[in-house]
Amino acid sequence: MIEQHTLNTLEYPKVKAMIAGKTLTPFGREEVAAWEPTTDLRSIVQRQTEIAQMKDIVLFGLPFPLARLEDCRDLLDKAQIPGIFLDAKEIFNVLELLEVSISLHQYDKDGRAKFPSLVEYLEGIRSFPEVIRDIKKAIDEKGDIKDDASSKLRQIRYDLIDNKRRIIRSLDSILSAQQKKPGWQDDVVTQRNGRFVIPVPADGFRHDLGILHDRSQSGATFYIEPKETVELNNRLNMLFQEERVEMDRILRALTVSIAERVDALKKNIAMIAKLDSFYAAAGLAAKLKAVQPKMVEQARLTLIEARHPLLLAQIGSIEQVVPMTLGLDNNRQAVVVTGPNTGGKTVVLKTIGLLQLMAQTGLLIPAGERSEVGLFEKIFADIGDEQSIELSLSTFSSHISNIIHAVKNCDDRTLVLFDEIGAGTDPKEGSALAESIILNIVERGARLVATTHYSQLKSLPLQHPAIENASLEFDRETLAPTYRLRLGIPGSSYAVEIAGRLGMPAAITEHASTLLGTGERTLADLIASMEAELIKVKEDRASLTERLERAKELEQSYKERTEQFDKEMQQEREKALAETETLLTNARKETERLVAEIRATQASKESVKQMHKTLKGSSAELEGLRSRASETKQKSIEAIRFMKGDTVRIASLNKEGVIEDLVAGDRARVRIGNVRTIVEVRGLRRVDQPTREFEYKPVSGLHPDEQISPEIHLRGMTGEEAQEALDRYLDRAVVAGLGQIYVVHGKGTGALRRTLTEYLKKHRDVDSIRLGDWNEGGAGVTIVKLKQ
């Protein structure tokens, strides 16, 4: 899908190599090598989710039981060949696979709800404890067969040791009985041709001494097997053969056991390959602080706080790499980036292209969590100097060849990245050609980011709304680039200033400024003025955005409250109607009964009195019903009129307080003294004259504007600061009667989480703690249950 030239230009193979270097198995390395960018949204999101959950395991979970493995697939195939069996070291290699398999199969069964996307792989791995037991019983860690592999082998090896001892004892006795010549020192039992022998001087050899097996290089010593030990040596050889036969029998049995499970073991290898590749990618993502972006079908992208992954890996500190934010969509099809040399323009192009490739491969990217990445079917990149002597291509020719290829093949699902477009030739002709290329690509619907030094291209956005300027910031006071990308503002090359900073004589730079002309100097000053104005506009926009969001929240809150009250009033009316119908039915039945009774008793005085009494009771009940309905209606009306700052009484607590805010339409946040709580509006009563007891007196250590919420955010604090803030919050939470709170500390390196966990375990008011599930914030949130 993506041409190899583009992959190499954007250094995509280097990212894959970094991941492959972190794998622990040859299976994982092969899996990573097979990864390529794709446009299958489902598979992309699935792999990103799997790697993101593995990243949580790497940072916060139990140690993942992967280990380095040799490639044993050929051994599994060999085990299936009839008549062939594996040797001890080969079986030991298979044992390593079996041990990793059972460890993964049993991994964190109680906590698997936190990584649901990986459960399929863990459960897909079969364990074979019986095979592991048999192999460990037979083979030691060095790959040798143990004496206890079978009772027969144990007996054979015992007999071997005993027979050797008898042979050596007999030979030592013969040696000691020999007459020694002066200077003779070669008096040691040794082996020749697998049989124990003794040395004899050549001039003392006689044929009746025994069997001659060898002689020394000098010829001065013969090695003789005395006839007294011939039978013992024969017996020893027989025992060695029996040992070999028994060892072969054991190895054959183990090979058969492995062969019966080859298909399952190959499936295990496939699962391990997936998990190993995820583990390696997650390790790199953790190092780069990479996140899972939102993936969309459309050919667009929005990178927020993005950083180049190779630059991050090289420098090793996220704080030292300046992030960039940039987006491409239907409203902004092309971005023309200008700025000084060494200012970071090429890094911007490579960051955009490489993160796009990584995202479409299913990898996490070093960018903000709100970043969105779409799907591009084609990506073209012309970056750097690709002149070729062999192909007779100059710098300009090589650039134009790449550009022609991109222009001919681009469409509305293409991303194009051009570095120094139109450079390498006459500036006037080059800028004209560059402008025409940009407009043609935009007309085709492709997305384009191009860097340039041509001033003519900076005016393109004025005539074409789909094109936008961007620049790399330059500090004119220090004459050094800041590497910050700014959208909407063209940049200057600052060639004269940079030359002066690098040591160019002042006379030359001053003359160059004169030659530059008033127009160019005015443009540079205008850009500097725009930069200052942009800072102020950004501040104002942030303030207005915050106010607009607050207004929207209030509008939604009032809408929800009105709908809730309408619903409650309707429910009360229906309830009152039902009670009325029930009352009328009962009254009718009672009247009929009384009439029947009057007729039966011929209207005696007692029956008449009883009838009047019953009717009065029914009237009183009806009047009570009306009164309750009226009271309910009045309460509902009062509830609607509650406003922020009203003094109210909480009926359930019989306490007075002040409404600080209205929440979700049917609830209010009420401050009672220095404690805040959230209650239903219908449980409030307006208080026109507060009692003298109701006076707000702040308690030491609690700020009057603090709010009781079930969440506390501690991200960015040191361990000591977070512990102090959490201690104050717990006191208020207990007073407010909260049963459960959410401590948001973020994931990061896990140091803050561990500090807070140790503190919470010892706190007197904490009943239990746990990490959040995947849908509760995962390892970035600790859920605390308070004692009641």
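Residues are classed here by relative accessible area: buried means under 20%, exposed means over 50%, and partly exposed lies in between. The model described is a predicted one. By this classification, K378 counts as partly exposed because its relative accessibility is 24%. Its salt-bridge partner is D411, which at 25% relative accessibility is likewise counted as partly exposed. The closest N and O atoms of K378 and D411 are 3.2 Å apart. The pair joins distant parts of the chain, 33 residues apart: K378 belongs to strand β10 (residues 378-382), whereas D411 is placed in the loop between α14 (395-409) and β11 (414-418).

The protein chain comprises 788 residues, of which 42% are buried. Its secondary structure consists of 22 helices and 23 strands. Among contacts with a separation of 6 or more, 68% are accounted for by residues 24 or more positions apart.

Salt bridges number 30 in the structure. One of them connects D248 with R244, for which the closest N and O atoms are 2.8 Å apart. Both residues are part of helix α10 (residues 230-259), where a spacing of four residues corresponds to about one turn of the helix. R244 has a relative accessibility of 39% and therefore counts as partly exposed. Another salt bridge is formed between E260 and R261, with a distance of 3.7 Å between the closest N and O atoms. The accessibility classes of this pair are as follows: E260 counts as exposed, at 61% relative accessibility, while R261 counts as buried, at 18%. A network of salt bridges links E11, K14 and K350.

Most residues other than glycine have a negative phi. The phi of E11, however, is positive, near 65°. E11 is located in the loop between α1 (4-9) and α2 (12-20), and its relative accessible area of 18% means that E11 is buried. A positive phi, of about 65°, is also found for Y483, which is not a glycine. Y483 lies within strand β14 (residues 480-487). With a relative accessible area of 43%, Y483 is partly exposed.

Helix packing was examined for α3 (residues 26-33) and α11 (residues 262-288). Two packed helices are described by the angle between their axes and the distance between the axes. For α3 and α11, the angle is about 65° and the axes are 7 Å apart. The arrangement of α3 relative to α11 is therefore roughly perpendicular. The crossing of α3 past α11 is right-handed. On the α3 side, the contact is made by F27, G28, E31 and V32. The residues contributed by α11 are I269, I272, A273, K274, D276 and S277. Classified by residue type, the contact of α3 with α11 contains five nonpolar, two polar and three charged residues.

Helix α11 is also involved in covering helix α7 (residues 116-124). The buried residues of α7 include L118, V119, Y121 and L122. Among the elements that cover the buried residues of α7 are α4 (41-60), α6 (88-105) and α11.

G673 is situated in the loop between β17 (667-672) and β18 (675-680). Its relative accessible area is 22%, so G673 is partly exposed. G673 and G657 are separated by 16 residues in sequence, and their C-alpha atoms are 7.1 Å apart in space. R682 occupies the loop between β18 and β19 (684-686). At 52% relative accessibility, R682 counts as exposed. R682 is 16 residues from D666 in sequence, with a C-alpha to C-alpha distance of 7.7 Å in space.

Conventions: Residues numbered from 1 in each chain as written. Predicted model: local features only at pLDDT ≥ 70, side-chain atom pairs only at ≥ 80, totals over all residues. Heavy atoms only, no water. Axes fitted to C-alpha atoms, helices over the stretch in contact; angles between N-to-C directions. Helix = DSSP H or I, 4+ residues; strand = E, 2+ residues; numbered from the N terminus. Parallel < 35°, antiparallel > 145°, perpendicular 65-115°, else oblique. Left-handed = near helix turned anticlockwise from the far one by under 90°. Contact = heavy atoms within 4.5 Å. Nonpolar A, V, L, I, M, F, W, Y, C, P; charged D, E, K, R; others polar. Salt bridge = Lys/Arg side-chain N within 4 Å of Asp/Glu carboxyl O. Buried < 20%, exposed > 50% of the residue type's maximum accessible area, 1.4 Å probe, protein only.
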